[in-house]
Amino acid sequence: MSHDSKKTAAELLELREQFVARGVFQVTPTVAASAEGAALTDVDGKSYIDFAGGLGVANAGHCPPAVVKAIQEQAATMLHSCFHVAMYEGYIELIKRLAEITPGDFPKKGMLANSGAEAVDNAIKIARAYTGRQAIICFEGAFHGRTMMGLSLTSKVTYKAGFGPFCGEVYRMPYAYDYRSPVGTSHNFESACAGLLEEMFRSHVAPGEVAAVIIEPVLGEGGFVAPGSKYFQEIKAHCQRHDILLIADEVQTGFGRTGRMFAMEHHEVEPDMILLGKSLAAGLPLSAVIGRSEIMDAPHVGGLGGTFGGNPVACQAALAIIELMEAPGFMERAAALGENLKARFLQFQEQFEMVGAVRGLGAMMAMELVSDRAEKTPAPAWADAVVQKCHANGLLLIKAGNYGNVIRALPPLVITDEELEKAFQILENAFAEVSAS
Ligand code: PLP
């Protein structure tokens, strides 16, 4: 029986209800048929501007031609051999390239996996093997994926409810969330927040038992909170003082999203391990752990791997992505997009009382919605209403934040000026309608 691609969105939604487990969530009821650049078309022919970028995967746009070509060529040559059974050049070449472009002027090695969460799990295994210590420190507002370790490190209860018990030896501290400060009105905000790590060592876990601190340079799911360089530099210094590894989870911030290839470049911080995923292979499932060679070599032979990790087609896609992003002008365009987003969002903040905060780094920009600016009362229902109105008018948008009140923008970095202006118009109209209701 051949695959029937002529069903309407309504028919497919009905089938989805019948056959797909309800826990597999949908942000919007869109049923996609095709996508190109920053545009997505549904099965009924309606087009959208994609401000979700396939959940941060389409930094280079949907279906970049050079990447599609690389995929097609590799697919016609060899789909899979399993790197543990028969090695192939793409896997080795990709890690070499990632070692070259990630922050840190020291010898590096790496491994490939399938998802961001798997990269997280592997990094924790590697950190424990290297240090001989067990504890991991993570942050409030963090999202590190949906495997049991990823979920244990993740902060949002919506994702965790009913799934415990979680992994042991996970300790959580506040993140430098300036809008809702964990250190009151300290005028040395970033140092005070980084200093909370020493407080952890007094109150929760001895530093000599901590293998690693895992941190997102910008909270992704946590609402695009983007502390300054001082925070990360001081976290790194505290880690170094106690021989604790610093793991940067750049699954969402990596590959141009913040206007640099990796967000830690803004802060001149060299993490001991960096985790990559999402836009790494333009939509093919691929993730990576890259780190100091001596750390990466700590696990025994056979301790790392998996059937599909570093699939040859995905590796070729990633190599093409790196080439594309290293081409002159790409990062400049990403940085300019970030400036545009910020300027317009700040304008929205002036126009609409409900926009309590505008923040982010590069083209990873968000607005936190509140029903009372003085009290900073989270307004998740208004955020929902804005997202739904945008969806109705052709803009795909997603929320973030532990209160579900943050509108986040992750548009493909190749979005055209016309598409961007149209998206802003849709967003402005949605704010106006929700404000008036
Ligand atoms: N880490 C971060 C910072 C993420 O944003 C995500 C996904 O949103 C993950 C890890 C998990 O990635 P995946 O969904 O590919 O497992």
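Tutor: Start with the polar contact: a pair of N or O atoms within 3.5 Å. This model is predicted, so local features need pLDDT of at least 70, and side-chain atom pairs count only at pLDDT 80 or more, while totals for chains, interfaces and linings use all residues. Residues are numbered from 1 along each chain as its sequence is written, and side-chain values use heavy atoms, leaving out hydrogens and water.

Student: Which ligand atom lies 3.4 Å from a polar backbone atom of Phe-143?

Tutor: A nitrogen atom of the ligand. The protein buries 82% of the 390 Å² that the ligand exposes when taken alone (Shrake-Rupley method, 1.4 Å probe).

Student: Which residues surround the ligand?

Tutor: Among them are Ser-115, His-144, Glu-216, Asp-249 and Lys-278. The shell divides into three nonpolar, five polar and three charged residues.

Student: Why is the pair of Phe-255 and Phe-262 called edge-to-face?

Tutor: Rings pair if their centres lie within 6.5 Å; planes under 30 degrees apart are stacked, over 60 edge-to-face, the rest tilted. For Phe-255 and Phe-262 the centres are 5.3 Å apart and the planes 80°. So they pair, edge-to-face. The structure holds 13 aromatic pairs.

Student: Why is Phe-255 called buried?

Tutor: Buried means under 20% relative accessible area, exposed over 50%, partly exposed in between (1.4 Å probe, protein chains only). Phe-255 has 1%, so Phe-255 is buried. Phe-262 has 0%, so Phe-262 is buried too.

Technical notes. A residue is near a molecule or strand if one of its heavy atoms lies within 4 Å of it. A polar contact is a pair of N or O atoms within 3.5 Å; within protein, one must be able to donate a hydrogen and the other to accept it, and residues adjacent in sequence count only if both atoms are side-chain atoms. Ala, Val, Leu, Ile, Met, Phe, Trp, Tyr, Cys and Pro count as nonpolar, Asp, Glu, Lys and Arg as charged, and the others, Gly among them, as polar. Rings of Phe, Tyr and Trp (its six-membered ring) pair if their centres lie within 6.5 Å; planes under 30 degrees apart count as stacked, over 60 as edge-to-face and the rest as tilted.
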